[in-house]
Protein chains: 2
Amino acid sequence: MDTPPASTTHPADSLLAAVERVGSPVCVGIDPVLERLPDACQVEGEPLPAIERFCRGVIEAVAPHVGVCKYQSACFERYGAGGVALLESLVVHARETGLEVILDAKRGDIGVSARHYAAAVPVAARWVTVNAYLGTDGIEPFLERGGAFALARTSNPGGDALQRLRLEDGRSIAEAVADLLAETGDEHLGDSGYSALGAVVGATKRADAELLRARMPRQIFLVPGYGAQGGGVDDVLPCFNADGRGALITASRSVIYAFDGDASSVWTDAVARAAESLAAELSQGLGRG
Amino acid sequence: MDTPPASTTHPADSLLAAVERVGSPVCVGIDPVLERLPDACQVEGEPLPAIERFCRGVIEAVAPHVGVCKYQSACFERYGAGGVALLESLVVHARETGLEVILDAKRGDIGVSARHYAAAVPVAARWVTVNAYLGTDGIEPFLERGGAFALARTSNPGGDALQRLRLEDGRSIAEAVADLLAETGDEHLGDSGYSALGAVVGATKRADAELLRARMPRQIFLVPGYGAQGGGVDDVLPCFNADGRGALITASRSVIYAFDGDASSVWTDAVARAAESLAAELSQGLGRG
């Protein structure tokens with residue numbers, strides 16, 4: 001396995017290098033829910049040891065095929081201090097296994113509080129997701145420590161209620177957020193030409209993705225929800241730039257629970273196959289396969 | 001001291017009862033920063049024991065004068081699992097001391113993740129702050145456990161960049177958020193006529209507060225930043241309804257660091273006096289004094 005890039009590398013360069021290393025812009029989303037873990041991980045009703053076994057197993061299974069993983073902070077925070085401690089150790093584990101780590105925490109605050117949240121993100125997670133509703137002074141503290149993906153367009157039904165509203169100048173609210181991110185992000189470019197400030201753009205809105213890509217040429221898009229609504233590679237192509245770079249496609253349940261209904265395999269084998277097949281699908285769709 | 005309302009009370013009714021009990025709509029914001037704690041609290045470079053001493057001291061000092069406190073989650077999360085464990089115990093302590101507790105966490109996610117975040121809020125904190133950018137499906141899970149204040153208008157400079165933008169129908173983005181909150185909140189009204197879904201409305205925008213109050217008659221406003229920019233009671237009056245109810249005015253640094261530059265007092269006495277004086281100022285400004 002290649003050595004992970006040194007932490008002095010610009011976060012965008014480091015993330016794109018991780019994609020290049022495996023030849024596919026895939027990110028595995030890890031949001032463990034106790035009830036769905038395989039029997040092999042269960043520990044007599046103790047949630048945290050079971051979640052730890054599961055997450056370590058997933059990371060080791062997917063590491064040969066993907067360059068990036070994303071931990072959903074909520075799944076750990078719900079167990080209080082013990083969950084937070086486990087998350088910290090799992091982020092380190094994923095990083096030591098050679099993966100770039102995104103902490104999906106969607107934090108959003110200002111001033112001292114924003115700096116505290118930035119300080120709370122484990123160092124091994126080079127990237128974190130944030131909310132832009134409070135403006136860029138809520139985002140800057142995160143850029144001082146690494147990379148940040150700010151929510152621009154989300155794929156949930158309720159997201160439309162606000163993000164699709166049209167401003168008097170013709171832009172949607174999501175497009176106004178995009179312009180804000182593009183402007184702020186340009187002050188944080190790496191050698192790759194991409195910014196340490198990326199954008200979360202839901203995979204279910206193909207037309208939106210085209211518009212947002214045009215407004216944010218130097219943002220890496222973090223695209224959640226791949227496969228969840230039955231979409232395919234064609235739906236996420238507009239998230240990439242013409243050179244085939246600039247987006248990271250995240251799949252969670254379709255990979256980490258791939259053992260469901262497959263009683264004939266060791267569960268980690270099923271997870272590894274799902275990650276490999278997803279990586280190949282995306283790499284072929286982008287004309288790299 | 002009165003017994004805290006039973007937890008089966010509707011969160012809005014319970015919060016308004018806490019305000020009635022002390023006769024003033026004041027909330028003390030607790031966002032401890034190690035460097036600013038009084039010498040009496042410092043514990044040989046150990047941050048968490050010092051923060052614990054400080055927070056317990058503040059709560060006991062202000063409890064006779066205020067009905068509500070707000071803990072800033074970021075200040076604790078920055079210390080990782082230990083900080084989270086301390087926060088949990090401090091929330092319980094404040095509740096046992098008779099205060100209603102708001103957890104200022106500004107969470108915002110959807111689906112299972114939103115439910116996890118809701119589950120992560122300590123039970124003793126009846127209220128939590130949330131972000132509405134993802135729409136109301138990110139807020140509903142919090143209303144299943146208690147009350148939630150969603151960010152409508154923030155007082156930081158960067159907040160203007162997005163929140164003041166004008167939609168094609170003439171509303172600002174903050175007003176569009178307000179309409180969303182009013183509509184969703186109407187499904188969660190208590191006997192008081194107020195909703196379990198409240199709104200965060202920054203104290204520095206008097207004209208905004210008037211417009212937002214008109215759009216959200218049944219939302220309790222959580223108003224941060226009182227005193228921080230030198231504003232007074234007049235500036236926050238538009239946050240209240242005509243009956244003098246419906247807003248909670250939060251002051252943080254002006255109360256919890258009131259001992260600064262007052263070497264002649266025990267620090268908790270200075271904090272108690274600041275809380276008492278703030279409560280009296282607001283109560284007089286509202287014509288109750």
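The following conversation takes up how several labels for this predicted model are reached.

Modeller: Since this is a predicted model, local features need pLDDT of at least 70 and side-chain atom pairs count only at pLDDT 80 or more, while totals for chains, interfaces and linings use all residues. Residues are numbered from 1 along each chain as its sequence is written, and chains are lettered from A, with ligands numbered from 1, in the order in which they are written.

Biologist: What makes L99(A) buried or exposed?

Modeller: A residue is buried if 20 or more other C-beta atoms lie within 10 Å of its own, exposed if 12 or fewer, and partly exposed in between, with C-beta atoms placed from the backbone. L99(A) has 25 other C-beta atoms within 10 Å and is therefore buried, although its place is in the loop between α4 (80-96) and β3 (100-107) of chain A. Helices (H or I, at least four residues) and strands (E, at least two) are DSSP runs, numbered from the N terminus.

Biologist: Which residues is L99(A) in contact with, leaving aside its neighbours within four places in sequence?

Modeller: Contact is assigned when the C-beta atoms of two residues, placed from the backbone, lie within 7 Å. With those neighbours left aside, L99(A) is in contact with I59(A), A63(A), G67(A), V68(A), C69(A) and A94(A). I59(A) lies 40 residues from L99(A) in sequence, but their C-alpha atoms are 8.5 Å apart in space.

Biologist: Why is β3(A) described as largely enclosed by the rest of the structure?

Modeller: The description is used because 8 of the 8 residues of β3(A) are buried. Both faces of β3(A) are covered, with E100(A), I102(A), D104(A) and K106(A) buried on one side, and V101(A), L103(A), A105(A) and R107(A) buried on the other.

Biologist: How do you know which strands β3(A) pairs with?

Modeller: Two strands pair if DSSP finds at least two bridges between them. β2(A) and β3(A) run parallel and are joined by 5 bridges, with K70(A) standing opposite I102(A). β3(A) also pairs in the parallel sense with strand β4 (residues 127-130) of chain A, over 3 bridges, and on that side the bridge partner of I102(A) is W127(A).

Biologist: What makes the sheet of chain A a barrel?

Modeller: In chain A, 8 strands form a closed barrel in the order β1-β2-β3-β4-β5-β6-β7-β8, with parallel pairing. Neighbouring strands of this sheet are turned by 30° against each other on average, direction ignored. One of the pairs is strand β1 (residues 26-30) with strand β2 (residues 68-72) of chain A, which run parallel and are joined by 4 bridges, and C27(A) has V68(A) as its bridge partner in β2(A). α8(A) packs on the sheet, touching β5 (147-153) and β6 (197-201) of chain A, and its direction makes about 160° with that of β5(A). Helix α12 (residues 267-285) of chain A also packs on the sheet, where it touches β1 and β8 (247-251), at about 145° to the direction of β1(A). For these angles, axes are lines fitted to C-alpha atoms, for helices over the stretch in contact, and values run from 0 to 180 degrees between N-to-C directions.

Biologist: Why are the two copies said to be related as by a two-fold rotation axis?

Modeller: Copies are superposed by least squares on the C-alpha atoms of residues with pLDDT of at least 70 in both. A rotation of 180° with 0.0 Å of shift along its axis superposes chain A on chain B, at an RMSD of 0.0 Å. The two copies are thus related as by a two-fold rotation axis.

Biologist: How do you know that the copies meet through the same surface?

Modeller: 100% of the interface residues of chain A are also interface residues in chain B, so the copies meet through the same surface. In this interface, 47 residues of chain A are in contact with 47 residues of chain B. α5(A) gives the most to the side of chain A that touches chain B, with 7 residues.
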